[in-house]
Each structure stands twice: as C-alpha cells, then as structure tokens.
Amino acid sequence: MRAYHLETLGTVDGIVPRESARPEPGPRDILVRVRAVSLNKRDLLILKGTYPLKAVPDVIPVSDGAGEVVAVGAEVTRFGVGDRVVGTYFPNWLDGRITPALFDQPGATLDGMLTEYACLSQEAAVRVPDHLTWEEAACLPCVGVTAWQSLTGGEPLAPGRTVLTLGTGALSLFVVQLAKTMGAEVIVTTSSAVKSDRVRALGADHVVNYAENPAWGLAVRELTGGRGADLVVETNGPDTIEQSMRAAALYGQIVLLITGNPRRHGIEISNAAYAASLATIRRVFVGSRAHFESMNRALELHGTRPVVDRVFGFDEVREAFHYYESAVAFGKVVVRVG
C-alpha cells in the first residue's frame with residue numbers, strides 16, 4: 001500500500017509518500033480501505049511542531065478519514081466487511097468525560113488516515129450516514145463533532161435562541177448548519193462580501209462585517225434587540241474574546257475553542273466587559289464516540305451535508321496542504337485517496 005509519513009517537521013515537503021506492506025487486523029480490529037481524508041488546523045500545527053501533542057517519529061499524518069471495511073478480526077462485532085466507516089478523533093474516548101489517559105490522536109501519537117489502508121480498533125470508528133459521500137464523511141471527526149459539542153454540550157439550546165459564530169471557517173459553517181436544524185437564529189461575522197452571501201445561502205440569518213464594525217459585539221446586541229447572543233462559538237480566542245463577551249446575553253454561553261496564538265499567549269477580558277455579564281465560558285475539545293454518533297443521527301434526520309470546498313488527488317497531498325494553509329477555502333479541503 002501507499003502511505004504518507006511525516007519525516008521532517010516544519011515543512012510540507014517533510015510529508016513523504018512510501019510503499020509498505022498492507023497491515024493485518026488484530027482480533028478486535030478492522031482494516032479500512034481509506035477513500036477520503038480532510039485537513040484540519042491541527043494537522044498544520046503538528047507539521048510545524050506547535051501542537052500540544054507531539055508527533056511520534058515517522059507518523060502517518062491526518063486525523064480525519066473515511067473508508068470501507070475490507071477485513072475484520074475474529075472477535076469484531078461492531079462492523080462487517082463492506083461497512084462504510086469514519087474514524088474517531090480520540091480513538092479511546094468512547095463516552096463520558098475525557099481524561100489524560102484518553103488523549104491519543106491519529107496523526108499525532110498514533111498513525112493517522114493519510115494512507116490507502118488503515119487498521120483501526122473496532123471501537124475507534126462509527127458508521128457513515130447513508131446520505132454522505134466519502135468526501136463529506138471525511139469532514140466529520142474534528143470540526144463536525146466540535147461544532148456539535150459546542151451547541152449541545154452545555155445548557156440546552158432551545159428553539160428560538162440566538163447563536164453567534166465567528167468567521168466562515170469550516171467549523172463555523174458546521175455551526176450554522178447544525179444550529180439551524182435546532183431552530184436557532186444564527187449570526188455570523190466575516191469581512192468578506194462574497195462569503196457573507198454564501199453563508200446566508202447556507203442558513204445564516206444575519207451577517208456582521210467585523211472590518212466595518214470593530215465593536216461588532218454592539219452590532220450583535222442591536223440585531224438581538226439588546227439581549228445579546230445566547231451562545232457564542234468563539235473560534236479566535238485572544239483576538240476576539242472581548243467582543244464575544246460584549247455580544248453575549250446576560251446568562252449566555254461562550255464556547256472557547258482557541259486560547260492562544262503566536263501574538264497573544266492567553267485571553268484577556270476587560271473588567272468592563274465581564275463585570276456586567278453572568279455569561280459562562282466553556283471549553284470544548286472535539287468529543288467522544290458517543291457525541292459523534294449522536295451528531296450522525298442528527299445529520300441523517302435532517303439530511304445535512306458538510307461543505308466541501310475542494311478535493312485533491314492522493315498524489316496532490318502537498319498541494320492540498322498548501323491550499324489549506326492559504327486560508328482561502330470556504331468549507332473543507334479534502335484528499336481523495338481511492
């Protein structure tokens with residue numbers, strides 16, 4: 001089989017294709033013929049050596065991938081040959097709360113999905129919703145589950161509540177789609193007129209141009225009759241947390257996904273913004289297999305499809321990484337494996 005390996009940190013050229021023997025599944029493993037993978041920000045951070053989990057030497061990159069089961073171990077009960085599956089982001093986190101013992105991730109401490117064949121524990125996969133293509137299914141494990149957990153992991157989001165999500169990255173697009181199926185009013189921030197039109201077409205009720213409105217927290221309050229957003233999916237952390245706090249309702253929830261960047265190593269909220277609020281700040285780090293399966297049921301019920309921006313071939317992996325890094329995509333960047 002062919003697989004890519006991360007031989008050298010710091011450069012896309014360090015991701016190198018190699019031929020190797022196809023793995024054989026153990027008693028409780030499934031062998032998956034990988035059909036598609038999708039890229040996430042964490043894949044770039046791992047490549048640069050700045051991700052909290054350090055990559056093991058020569059690791060096969062990329063956490064998110066979907067494919068067909070082609071062989072199963074003698075003790076496998078969850079899947080059979082021919083089943084369509086997608087791997088989980090935390091293979092050992094099945095349900096409940098995560099602990100440090102469950103932190104292992106594909107593409108970092110474990111081999112990932114950028115390979116023609118992947119051997120997974122039967123516990124580390126879920127079934128692909130029937131209506132999704134391989135390319136769409138490969139988009140689910142990281143940003144899909146994170147968006148789902150952002151919306152469902154705290155105080156219940158009742159129909160008619162307002163959700164604010166920042167920017168038009170793949171995670172925010174998932175938030176728009178999922179929040180609308182829950183009956184929420186959705187507000188999105190962006191500085192692009194073209195992306196504004198596209199996110200409205202996806203279901204956003206309001207779009208705030210943050211370049212034209214630096215104090216966009218006030219603009220969100222005006223759109224909500226002064227109440228503020230009931231739930232803010234905070235995707236930028238240090239750069240935007242002040243305005244997110246000002247945009248949040250009195251008892252709102254702020255889902256904090258990013259806590260630092262190269263310019264700012266932590267979040268800072270002014271006394272004026274936080275003293276006037278009773279909002280709760282909640283951290284989310286993807287989710288468990290149970291969360292994944294719950295999201296998939298919702299996707300099937302509503303026929304929701306992830307937004308795919310561009311699909312590259314298996315021989316175009318470096319081009320895919322460069323394109324993803326350019327941050328021009330509207331939706332997920334996918335590599336079709338086979």
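Modeller: First a term we need: a cavity is a set of grid points where a 1.4 Å probe fits but cannot get out, and its lining residues have an atom within 4 Å of a point. Please also keep in mind that this is a predicted model.

Biologist: Why roll a probe at all?
Modeller: Rolling a probe the size of a water molecule over the atoms shows where empty space is left.

Biologist: Okay, how many cavities of 30 Å³ or more are there?
Modeller: The count comes to two.

Biologist: Which residues line the second largest cavity?
Modeller: Its lining is made of Ala170, Leu173, Phe174, Gln177, Pro306, Val307, Gly331 and Lys332. Helix 4, residues 170-181, provides the largest share of that lining, with four residues.

Biologist: Why might residues a few places apart on a helix point the same way?
Modeller: An α-helix has 3.6 residues a turn, so residues three or four places apart point the same way.

Biologist: And what classes of residue are in that lining?
Modeller: The second largest cavity has five nonpolar, two polar and one charged residues in its lining.

Biologist: Now the largest cavity, what lines that one?
Modeller: Leu6, Ile15, Asp43, Ile46, Leu47, Pro61, Val62, Gly107 and Phe321 do. By class, the lining of the largest cavity divides into seven nonpolar, one polar and one charged.

Biologist: Which helix gives the most to it?
Modeller: Helix 1, residues 41-48, gives the most to the lining of the largest cavity, with three residues.

Biologist: Tell me more about helix 1. Which of its residues are buried?
Modeller: The buried residues of helix 1 are Arg42, Asp43, Leu44, Ile46 and Leu47. They pack against strand 1 (2-6), strand 2 (15-19), strand 3 (29-38) and helix 10 (317-325).

Biologist: What follows helix 1?
Modeller: Glycine 49 does, and its phi is positive, near 80 degrees. Glycine 49 also turns up in the surroundings of lysine 54: the side chain of lysine 54 reaches the backbone oxygen of glycine 49 at 2.8 Å.

Biologist: Where does lysine 54 sit?
Modeller: Lysine 54 is in the loop between helix 1 and strand 4 (64-72).

Biologist: Is lysine 54 buried or exposed?
Modeller: Lysine 54 counts as exposed because its relative accessible area is 53%, and the cut-off for exposed is over 50%.

Biologist: What else does lysine 54 touch?
Modeller: Leaving aside neighbours within four places in sequence, lysine 54 is in contact with Gly49, Ala108 and Thr109. A polar atom of the lysine 54 side chain also lies 3.4 Å from the backbone oxygen of tyrosine 51.

Biologist: Switching topic: what about pockets? How big is the second largest pocket?
Modeller: The second largest pocket has a volume of about 270 Å³. It is lined by 18 residues, of which Asp111, Gly112, Ala118, Cys119 and Leu120 lie nearest its centre.

Biologist: Which element gives the largest share of that lining?
Modeller: Strand 6, residues 117-121, gives five residues, the largest share of the lining of the second largest pocket. The whole lining divides into 11 nonpolar, six polar and one charged.

Biologist: You mentioned Cys119. How accessible is cysteine 119?
Modeller: Cysteine 119 counts as partly exposed because its relative accessibility is 30%.

Biologist: And how many disulfides does the model have?
Modeller: The count is zero. Take cysteine 139, which is in no disulfide: the nearest cysteine sulfur, that of cysteine 142, is 11 Å away, while the cut-off for a disulfide is 2.5 Å between the sulfur atoms. Cysteine 139 is also buried, with a relative accessible area of 0%.

Biologist: Which residues is serine 196 in contact with?
Modeller: Leaving aside its neighbours within four places in sequence, serine 196 is in contact with Thr190 and Val207.

Notes:
Residues numbered from 1 in each chain as written. Predicted model: local features only at pLDDT ≥ 70, side-chain atom pairs only at ≥ 80, totals over all residues. Heavy atoms only, no water. 1 Å grid on protein atoms, 1.4 Å probe; cavity = no way out; pocket = protein on both sides within 12 Å on 5 of 7 lines; lining within 4 Å. Points joined across faces, edges and corners; volume = space filled by probe spheres on them. Helix = DSSP H or I, 4+ residues; strand = E, 2+ residues; numbered from the N terminus. Nonpolar A, V, L, I, M, F, W, Y, C, P; charged D, E, K, R; others polar. Buried < 20%, exposed > 50% of the residue type's maximum accessible area, 1.4 Å probe, protein only. Contact = heavy atoms within 4.5 Å. Polar contact = N/O pair within 3.5 Å; in protein donor to acceptor, adjacent residues only side chain to side chain.
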